[in-house]
Amino acid sequence: MLGVLVAKIVGWAHHCASDPNTGAPCSWGTYWLFGAVGGGLIFPSTVLFLRRRGRRAAETSDRG
């Protein structure tokens with residue numbers, strides 16, 4: 001979703017006309033692809049990293 005929003009903003013800034021039938025911005029597929037891959041890799045990786053860091057902190061704390 002964010003990739004398509006970025007495509008809309010870039011299309012507006014470059015004065016690129018949207019598709020008249022669907023309203024899709026210019027080259028939205030490229031932005032969608034990078035957004036999907038980024039979200040599919042970055043989000044889960046960040047969640048796993050933060051969970052492991054929290055688990056390690058709990059093991060080494062005095063209360064854990």
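Which residues make the nonpolar surface patch of about 620 Å²?

## Nonpolar surface patch

In this predicted model, the patch is made by W28, W32, L33, V37, L41 and I42, and its area comes to about 620 Å². One of these residues, L41, lies in helix α2, and its relative accessible area of 54% places L41 in the exposed class, for which the cut-off is over 50%.

## Overall form

The secondary structure of the protein consists of 2 helices and 0 strands. Along the principal axes, the C-alpha atoms fill a box of roughly 60 × 15 × 15 Å, and the radius of gyration is 20 Å, whereas a compact globule of 64 residues would have a value near 11 Å.

Of the 64 residues in the protein, 8% are buried.

## The disulfide

The model contains 1 disulfide, which joins C16 to C26 with an S to S distance of 1.6 Å. The angle about the S-S bond is -85 degrees, and the link of C16 and C26 is left-handed. Both cysteines lie in the loop between α1 (2–13) and α2 (28–60), so the pair ties together parts that are 10 residues apart in sequence.

Conventions:
Residues are numbered from 1 along each chain as its sequence is written. This is a predicted model: local features need pLDDT of at least 70, side-chain atom pairs count only at pLDDT 80 or more; totals for chains, interfaces and linings use all residues. Side-chain values use heavy atoms; hydrogens and water are left out. A disulfide is a pair of cysteine sulfur atoms within 2.5 Å. Helices (H or I, at least four residues) and strands (E, at least two) are DSSP runs, numbered from the N terminus. Patches are made of residues with over 30% relative accessible area and no salt bridge: like charges are joined within 9 Å, nonpolar side chains (Val, Leu, Ile, Met, Phe, Trp, Tyr) within 5 Å. Accessible areas come from the Shrake-Rupley method with a 1.4 Å probe; for residues, only the protein chains shown count as cover. A salt bridge is a side-chain nitrogen of Lys or Arg within 4 Å of a carboxyl oxygen of Asp or Glu. Buried means under 20% relative accessible area, exposed over 50%, partly exposed in between (1.4 Å probe, protein chains only). The radius of gyration is taken over C-alpha atoms; the globule rule is 2.2 Å times the number of residues to the power 0.38.
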